[in-house]
Structures are given as C-alpha cells and as structure tokens.
Amino acid sequence: MAPATEHADAATAKAPEAPRAPAAAPAPAPDPRAQALEAALDEVRHMVAGCMQCGTCSASCPNQFAMDLTPRRMWRLLLHGYADEVMDSKTFYLCSSCYGCTLRCPRGLPLTRAMAALKRASILRGGPGQRRHGAFYATFVDNVRRLGRVNETDLMAHYFVALRDPLAPFSFMPLGLRMLAKGKAGLHGSPQRGRLGPLFAKVREMEEKP
Amino acid sequence: MNKSYDALVVGAGIGGIRAALDLAETGRKVVLTDTRPHIGGLLAQLDYQFPNDHCGMCKMLPLTERDSSSQFCMRKGLFHKNIDILLHTDLLELSGEPGTFKAVLSRQSSFVDPEKCIGCGLCAEACPVSVPHEFNAGLTQRTAVHLPVPHAIPNHYVVDLDSCERCWQCHDACPTRAIDFRFSERKDFRILVASPRPDAAERLAGWFKHQNFPFLHAKTGQEALDTLAKDETIRLLVIDVRIDDPDAERLLERAQEIRPTLPVVASCPPEREHEARALVDLGARDYVVGPLNPATLVPWLDKLYMRLVSEERIEVDVAAVVLAAGFDCYDPGDPLHGAGQTLGYGRLPGVVTSLEFERMCSSTGPSGGRLARHDGQELKRIAWLQCVGSRDLQKKADYCSSVCCMISLKEANLARKRTFGRKGGPAECTVFYMDMRVFGKEYQSYRDTAESNGVRFVPARLHTVLPDPDDPAALRVQYVDDAGRITTETFDMLVLAVGARPPKAMQRLARAAGIETNEWGFCATDYFEPARTSRVGVFAGGAFGQPRDIAESVIQSGAAACNASRLVNLFAPIKDRGPEPEPRYRDVSREQPRILAALCSSCPTLDRALDVDDLARRLEGVESVVRVMRVDNACTGEGWKAVAEAAAELEPNRILIGACMPYAYVPRLRELGAAIGLNPALMDVVDVHSLVMGAMSTKHPTDAAVRERAEEDVFTRVHMSLMRLMGADPSPLPEPQEVTRAALVVGGGLAGMTAAMAIADHGYPVTLVEEAEHLGGTAMKLRRTLSGQDPVRFMEDLVGQVTRHPNITVHTDARVALSMGRAGRFFSVVSLDEGSAPVEHGVTVLATGGHESRIYDYGFRVHKSVLTQLELEQRLASGEIDASALSGVAMMQCWRSRDEHRNYCSRVCCAGMLKNLLLLKERAPDLPVYVFYRDIMSYGFSEQYYTKAREAGAIFVRYSPENRPQVEFEDGRPVITAYDPVLAAPIRVHADLLALSTGIEPNENWELAEIFGVHLDANGFFQEADYKWRPVDFLKQGVFVCGLARAPGSMGETVASAKAAAQRAVRVLSEKRLVCGSVVAEVRDSLCSRCGRCIDVCPYGARSLDLDRDRIVVDELLCQGCGSCAAACPNGASVLRGFTDVQVMSVIDAALGNLPTPRTAPAPAAATPESDPEPATAAPDAADTGPTEDPA
C-alpha cells in the first residue's frame, strides 16, 4: 500500500486551498480538452458523491490485489479533488466490469459505470500514465478491429511495443510459454481478419454524432 | 347494540400496552387488539434489555391504584379491569368521525376453546406436522397445534390452520374436547357456484363427498343474484371469472349489495389470474387458479370453511384509535430483497439474525440459553454486522432502524458475560459498523462499557461470507480496514443486525384505518406532533411511525394516549365523571379466620392424577377451614355462582380457590368481593393443575406411588396458600387521600407549554412557571427544521394558545421557591417579582429545558469565523451570511461531547448540521463543505438527509477522539488539519467559517431537584424512574419530567415526551381520591432504632425520617410493597402488611410439611410425618418475639 500513502502525502502537500473552489481556476483561455476532462471527472464525482466509505467495493473487488489504490480510496481522492492522483493510478484500468461492487454497494452507486467513465476521462487526458495503463486496452481493441477476433501472439507483440519497455516481454515469458505449450497462442493468422471493420466504423460514426 | 369503548388500541406490543394502560388508568375503557396470538409483540421474544440486561417490563404496571390490575410478570399477561384484550384480531374497517368511530374487527379462531383447554399438550403430541416455530425465530420446530409462546397466562394451545394437515388427530387426543373443527355444521354450509360450466356443482359435490357440503349452481350472473336474493342460507359464493350476464366484477358488486357480509371467492383459469386478483381487490376473500383438482382444492376449501364459520366479526364503537402495530424485522432470507445471498444467511448455519441470536441466549430458546456453535463446538469468535437491511438504498431502505446498534451492543456484552470464566476465555466479540448510533440517554456509556468489556469495534461493512476452507463450520469474511488493507478473518458465528420493516400487514391496516404511509411504508406522521397521523382521531403509538427503541416507543405511546385522551375528553370529560361505586367490604379484623376452600374439578386431570375426595377430606382437617367444596368449572360463570352461593351461606372471611391459572381470576375475585362484601385481598387462587400435569405426562398415571406423590404435592401447595390466607391482614385499608386536581408545570419552553396545554385541555387548572421574561425557551431560537417546517410559527402559535387558555395561569420571571407534599397533594410557593404566590397542586411536571452548551475552544468567541450551528442557522435565516460569497465551510461534530467532558450524545446536533449544510448547498451548490465527525447520528428517517448531504457534494471526514482535528487560524480564517482514515493521510482544509456542533446541556436543575426530592443523573439531566419503562416518571410519584430537562431531543421528540408526561399527570388528577395498595410497609415504632437503613434501600423514596415526631414514616402511596425495607431492617421493625413473619414462616412450614394435619383419609402414610407438632406452635411464637433470623 506504499504507493497509496505516497499519493495521499503528495496530496497533502498540494492541498493548501480548499480544493474545487470555483474561483481557483483563473486560466485566461481555458483549454477545451481540459474543460472536457473536468466535465468528465465531475460526472464521476456526481456518480460517487453518495459514497459513505464503507469499503464494500474494495473488499468485494476480485482485482483489488493488483490495484495501486483501493477503489474506496480512489473515490475518496476524487471527491477531495485530487484528480491527478486518480488519473495517474491504474486502478480503474484494472476493473474487469464484473459488477460485483455495483451489486453490493449499499448506497446503490453506479461504480462500474464510474470506472468506465474514468477510463474514458483518462484517454481524454492522455499522458504517460494513460499510455502505460491504457496500452493494453488500446492494443486489445486495435487487435480485435484488425483481426476480427483476439490473436494472443499478435496482441502481445503490439502490447510490448506500446509499453516501450524492453524488459516487459521477459516478465510475461513464463505465461507465454505455458500458453504456447497448450496451443493457446499460435502464429496462425485469423480467418476473420477485417470482419469487424464495419462495426467499428459504425460505432465511431455514432460516437461522433452528438 | 355494539360494544362501546373509549379507545381502540391496535397492536399489543410494548407500545400498545403502554397506550392502553395510560388510557385505562385514567378510567377509559380500552379494547386492545393484536394480530398475533399473544401479547408483548416483538418483546415477547427478547429476554434481555439494555442497560441492565434484564427484562423489566413489569415496571410499566400501574403504581397508583395498583390493585386495579394484576401485579405480575407482564410478559405473561396483562389484566386490567379497563382493558379488554382481543388477540388474533385484525382491524377490517374504521368508519365514522373522530369521537364516534365505528371499528369492525375480525377475530380469527384458534379452534381451541380457551374455556376448555387445560394446556396438557396431548394434542401437540398427536400432531404429525412439523414447521419452524416463529417464537424461536425458526430455530426450533413446532406442530400445527402449538403454544405460541411458552410463558403466556392463560396459555392455551392454538391451531395454525395454514400448516394443518387435517388429520384430526389432535381433536381425538384432546381429553376435554376443547378442539372444535366444526365438523357437524358442514351440511348447512351452502355454497353457490356461479360458473358457465354446466357440471360445475356436480363435479365439486363429487370431490367433496366426505365433507358433504351442499353445492348450488348458477349458470349466469343473473341466476346467481336471483338465488342469493331469495335464499338466505347461502354461506359462500364462488365466482368463476368466466361467468357472464353480468360479468364477474358486476356480480361481485351486486352480491355485496345484497349480502354485505357474504364471503366471496373467485376461481379462474391460469391465463386470467389477473382478473381474479382484481376481484380480490374489490373485496373477494381469496381466489383459486385452475385447473382445479381435488387434492389441493379440498383442503383449501375445507380450511376456508373452517375459517369462515369460526371467525368472529366484532363491531365496536370507539372515540379514538391508537395504532401501535410496531415493526417487523427485515428478513435477510427474503428471495426478492434479502441480503442473505452474499451473507450466507440460510445457507451457512453460523449466520444468524440478531433475533435468532436473542433466542439462542434465552432460556426458553432452542438450546436453553447455552451459546454454542451449530456443530456443538465452543463459540470462540462472534461478529455482529450492522445495517443489514437498513441504510441501504439498494434494499429500498434509506433510513436507519435506530435500534440495531444498541441490540448488537447488548448482545455482544451478553455473549461476553455468558462465556466469561470459560476455560478458553470469553468469546471474542467484534462489531462491524459504519456509524455506531448511540444517540440515546446512557447509550454512550453503555458503548464505553462494551468497549472496556473487550468488545472490538471495526468501522467496515462486510459483504461476503464464505465457509472457512480449514474449518467448514466456521465462517470467513473479508473487509477493508482503515489502512486500506484487505483483511480476512474467521468467525464461529455472524450475527446480522437486521433492520426494521413496516409490519407485514401494514398496507391492509393502513387501508382499513384510512391513514397514509410514508415512502418506506411506515405510518406517515406529523413532524411537530409525531403521534398524529393523516387521519384525525387516529394516533400512532410506539414504533408505528418510525423505528424506535423501547424508551421512545413508550414515550410515543404516552403521547398517542394523551392525544386520544384529549379527544375522548371532549365527549366524556373525566372531570364530570361521578366517582366509581366503591365496594364496601365488611370489617373482619376482629373475626377468627374462617376459610372456604373450593377445588375446581372440571378438568379430568386432577381426578385422574389423585383422589380428590381424599384430598378434600385432608384439607378440611386444616385449622380454620370451614368447608372444602368441589366446583365444576370454576372458570365459568356457573361454577363461579356456586362459589358465590356457598360464600353467601357460610360467610367465610377468607376464600381460597384451587384451580388453574390464578392470574386470570383477579377480576373475578374483585367481582366476588363486591358481591359478598369481602375484601379481595382476603381471597386467593392457587394453581393445582399444573402440578399434576407432570404426573399426567408420565407413563403410569395409575401408579400408586405417582398418585401418592401428586396428592402430596397438591396438598402442600393448597396448604401453603391456606396458611398465607390465614395470616393475611384483615384490617381495612388506610383512608384514601383527597387529590388536589390542579397541576404545576415548571418551565415555559416547548415541553412545558405542551404539557400545560395537554393537562389544561383535560379541564384541570395549570400554573405555568417560567424563569425568563417570555415563554418559548430554546425552541424559540430555531429557524428551520431538517424536513423544512417553520418552527417559529409553530412556537408563536403555541405561546398564543397557552396565554389565551382559560385553565392556564402563566407566571414569567418566576421561580419555584419551595414545595411540600406528595402525589395528589402538593403545596408550593412561587416567587415572583411582586412577592410570592402559593400554589396547591396534585402533580408537578418539570420541563426546565436545556441550552446549547458553550465551551470556549477552537477559537470560539476569539475569531468571528467560528460559530455554533445554532448561530449559523440564525444567520443563514436572517441573511447575515451569504452562502454564495463563501469559499469553504467546515463543520465539527461532537465538539466536547461524547468524551470525558460530557459523555452523552446530544442527538440533535447531527440533524442541525445536516439542516445547515443542505441550506448552504441549496444556496451555493459548488460551495465546498467539510464535516468532521465521529459517528453521524442521523437515526430514523433523518438518514435520508445524510444521503442528500453526501450527494450534494459535502465531504465527511471521520475522526477518532484520540486524534481530533487541529484548528489554526490564518488571517482569522480557520485552517483545519485532520487525519482522513480512508486516505490514511492528513488533510488540511481552509475555510471561511467553522461551525461547531456544541450539543445540549441541561439547565441548572439541582435546586429544583432538591425542592421536589428528585434526582439528577451524572450529566445534570433529571434522572427518570427507569430509562426504558418509565421514561417520564420519577421514582417519586406525582412528579414528572419531559423535554430537554430529561434528555436531548428534537422538537417532535420533546412534544412527545411532554404529552407522555401530561398523560401520566392526568392519570393522578383523574382520581378524586387516591388509595394505596393492600401490600404496603409499616413501621413498628417501638422496635425502630432510627438507623435509617430502610430510607436508603427504599427504591421508591417512600420512607423518610419525621424529625418532629422522631419516627420513620412511610408514604403509603409511594410504597410499592417490595419489601426491601423489611429485609434491611435489623430489628424487624419494618414489616410488610400482608407479608408478616408469622405468615411467611407458617407458609414455609406448610411447604416443608412441618404442620400437623389430621389425616382423616385411610390412605397409606406418605412422607409427611404426623409427629412433631412443635414447629406449628413454635413458628408463631418465634415471630411474636421478633424474628430470630435476620432476613437480610
């Protein structure tokens, strides 16, 4: 839990003013991207405002072991106004949308939706954190778009490239070898290549329309 | 002619009982109903109650005129001369206007004739059915014919028709033929079937060959109506929804017009079920879905028949109605809304509800009170999970159930106590909570006790329970601790603190009573008048309007009773009521004891177990017994007449009845006493049946030794009672005391004014004394309530009403200087500006109020930016503070309270904070607001405002008393540094304003406490007689307390306590004269050494040292005959009338068989030796010369 404490400590140092004070944004020419990001985060804040910090989400999250912030602490940071700490964490990228927390939250908060909204906000924001934590998402979707289904070998190759980390392939080596041995990862091409192209095009078209 | 009552009280739980008693004690006739087959409601299942982990229900029994009701365990039964109890009864309809309501009640039959049932249990032995027993929360099984509760008196068996298999074995097994399934009347139960099917009736007749119901057939609706119009013997109409001309709905309507009380049922094919349901909404009783088959239809219709013929429809005229149906516990096993799935309830035997745990602790529970894991292992670790089914938006419960925190604390304490001294050490108890809502008086210290007893508190909410892989009987849970670590723990048992839900039949009851419900299904009530419902004349008592604990339910019921009493008073003023005819008893103090004994021989048990004639002969040999008669059915009017006749003939001065269920005879004894002019205190009923019940259930009731033993037991028991009666003090009661029918109310705030109004409305003059210049008190300072009402207008109205009321004399700028006297007759002096005024009054209500406490800390009164919540409220209301101009607001809860300074929760501050917070957020939605709190006490329905506040964006930061937020000031603006447990890091907040929740402190009360001889608690509030059961009484009778002087509370709660206190006061004033009980203590002055020990031990403050006459005096009205003084007195100078030493010693001798009795029976000698005549004479001697043994 060291990283979380660090985040919070950093937050402390950075919290001289009451956060989210409306007057605290005297930027002369507001960047439309930043505005969109702020709006997206506000939407998430709204979703989780009713949180009473019971920790049900954190304790019931199956991926919690891999997260740097527990979901509870992440909501809390967001409500306190520490958006950067939230955006730099990988917690929401690890959400596998199992809906366990949403189902159990006694306040009835749409937590899985909030997680997805954070992913979208993170893409909007960009930055090194997003590139690193979002790399898998981007590669995965791209893989599906191109090949019509997931090809593990192709996916991993692109993922390693996207990570820009020469050491990353080595950490996945044992898993990769096991998958190869079981025939779960092959070098064969996909017969479905390009099949989902029209679907992606349609989605993009719909997204671009207001 | 309907039976007429002053009030109908629906629900015979603790709330209903309180309301009924409050009304009955003022002489109102009350009918008390409950849908369950027993009284006591939920509390019948709870054996232990905070704060002393005892029951204490009996403390609610009347203390003044206590002979008017039976004085014994209230869990067993309630007998009051003005209360008629109807169990198994539902309210069907309430029509009419306030004051002249007409209520239709429906009483279900238990199919067991209570007059005949002797409770032998042979029916239950024969019954083959086994279903979960509701009383033990489903932990044990019961048969279809069963005892609903083990302890009720009289306790009759009840047939649960729903689970009955119609084997009739109980009917055959019953020795007294008490079970009646109405077999013989089936042939007269004519059923009209309206169905287009041509063979409908014949087919049914074929199926019901054995039942022999006569079926009639109508092919069209019109034909059915014609038949109904001319044939009055039709008892049931079955409508097939496919009927035409007219259609089913129209037919139902017309049939109801022709025969309004005719039961109608519908039948339908599966695809048209909705139509049948629509018919039920229109008033049909039930419906059955086809295709019909005899295997299900026959039992269904047969049971319906039995219900219909045995149900009783009761119409009563009532002036007012009090609804006190309480609440039900949330069922986590509910397939739709249950939380049981993830929590393992119903799947893992170690997961239980708090109610089930309560039963496990009970000695009448499934394990006889032994706590163990379900596999028999020792319980080592127990956890409580709070808020199961409450504060949960997903379960449609955005409210706090208010009672579960204290129940869990009590259970945890109890578990520690129960397992203390065990080899492995006491069980580890953990409570998982979100906010520990210890908002009541003394709750905080109870929590502290729990903590010091080793109960662990973890702020977390558990969500999943799985069996432990290493020990499948144990349970493994996972939660996130404050540091954010996932923690896994194993427990042997998990107790789900289940929340409250409206009673199951709430919607039906609401429709019948014509009241509105709120969004959660509880009764909708008025904010300032929480006892008022949406219908005038119908009041909400107990926990009907909001989940409440015992103390508040009792207060709420008092308020409801007061409102009802005010309404009744308009029609039948108490003041104008003539004195009740007082029975004249002849003076028998100079007569030798002459005892008439009657043995009830209606039940075959006694005859079978022993030789009654022999027993009677032996009893006749006992000294002073003039006759032993045998009565058939002492419990019926006929048997009673025989006793009365014998009494008239023999003129005995003591009467002893040997029967069953002695408590039930109290009203009878009173009647008999009035008829033959003998004080009922000289009569007694002794239970001779339950003694031989044990002998009956053994396999050999004919065995001579068993019979011998049974006879000896019964003889001893009767002999003991004879001895007690013989020693009973026959001297007449002291003269009753005249009551001054006026009241003094001290304090002119909300509580005082409300109490004054309530008493004055009953027609009694009230003197209201207010210290300040104007009426109003603390409530005058409020500007808004949490739910948005206008307190200013309410208070101004109230002040106007009080000042204009013809019966109220207001003294402002005044104080009570002196008071003397006792309940019914006080004499006080009020000092005024222009001298002093004497006041004579019968009761006193202390409502001296409280104020916002002021402790100068955190820059309060140094920096302008620091203010109290009340000041913030006022400045927000006046516009002095502009919310939109602020850049941040911080609020601090529990400021210097719930700690060593003032160890109680002021309970109104959280609501006050939420109120201001929501107003700020309403005016400036983007304003950052930070709240530093320990536990948010938004109990009951105020929880929704807590949810709203969070949703509005306020940030709540919990702090612990060890780690309080620090406040510094930069340019006069507060900067708060606090530790955020969720971030596990400190945060700093800059704000423009810091609002402190300062809490409520009582006003200076010690002087008044001394003047009126009452006590204060550790925090300076008045100390009530009993926190739970007598919340507005003092131990000293005739003095009552309400409002903030008793405990902090909201305006609604203050009004409720004021009305409850007023009702208690009216109870005293309603008498022209007060009579003491027959068992009171006396002082034998010549033996008394004035040591004063008795004064200290008297729990009622009834004893005092009269300095003028140099003797200890007993206030006979205050004395409750508990006998503490007699036990404490070293000289035997303090004696209890009706419990003298001689009497008690001879009863003991009788019990031991030490008294000589001439045995006239030729039966072989039993264990009792006839020798040893010594003790008989020795005992009185010893007593005469003063007791040799010190009873203390």
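Where is the place of B:Glu651? B:Glu651 sits in the loop between helix H17 (637–650) and strand E29 (654–659) of chain B. Helices (H or I, at least four residues) and strands (E, at least two) are DSSP runs, numbered from the N terminus. The phi of B:Glu651 is near 50°, a positive value in a residue other than glycine. B:Glu651 is partly exposed, with 15 other C-beta atoms within 10 Å. On that scale a residue is buried if 20 or more other C-beta atoms lie within 10 Å of its own, exposed if 12 or fewer, and partly exposed in between, with C-beta atoms placed from the backbone.

Some housekeeping. This is a predicted model, in which local features need pLDDT of at least 70 and side-chain atom pairs count only at pLDDT 80 or more, while totals for chains, interfaces and linings use all residues. Residues are numbered from 1 along each chain as its sequence is written, and chains are lettered from A and ligands numbered from 1 in the order in which they are written.

Chain A next. Chain A has 12 helices and zero strands. Of its 210 residues, 33% count as buried. Helix H12 (residues 197–208) of chain A has 12 residues and reaches 17 Å from its first C-alpha to its last. That is close to the 16 Å expected at 1.5 Å a residue, the expected span being 1.5 Å times one less than the number of residues. The number of buried residues in H12(A) is zero, so it lies largely in the open.

Chain A has a positive phi as well: A:Ser97, not a glycine, has a value of about 55°. A:Ser97 lies in the loop between helix H5 (83–88) and helix H6 (100–104) of chain A, and is exposed, with 10 other C-beta atoms within 10 Å.

Now the interface. How many residues of chain A are in contact with chain B? There are 39, and they meet 36 residues of chain B; contact here is C-beta atoms, placed from the backbone, within 7 Å. Helix H1 (2–13), helix H3 (56–60) and helix H4 (71–80) of chain A each give two or more residues to that side.

On to chain B, and a sheet. Five strands form an open sheet in the order E40-E47-E41-E42-E43 (chain B), with parallel pairing; two strands pair if DSSP finds at least two bridges between them. Strand E40 (866–868) and strand E43 (955–958) of chain B are at the edges, each with a single partner strand, so one side of each has no neighbour in the sheet. Three bridges join E40(B) to strand E47 (residues 993–996) of chain B, and B:Thr868 stands opposite B:Leu996 in E47(B).

Elsewhere in chain B, strand E13 (residues 264–268) and strand E14 (residues 286–289) run parallel and are joined by four bridges. B:Cys268 has B:Val289 as its bridge partner in E14(B).

Last, two cis peptide bonds. One joins B:Gly290 and B:Pro291, with omega about -5°, and B:Pro291 lies in the loop between E14 and helix H8 (294–310) of chain B. Another runs from B:Asp245 to B:Pro246, with omega near -15°. B:Pro246 is in the loop between strand E12 (234–240) and helix H6 (248–258) of chain B.

Methods. Two residues are in contact if their C-beta atoms, placed from the backbone, lie within 7 Å.
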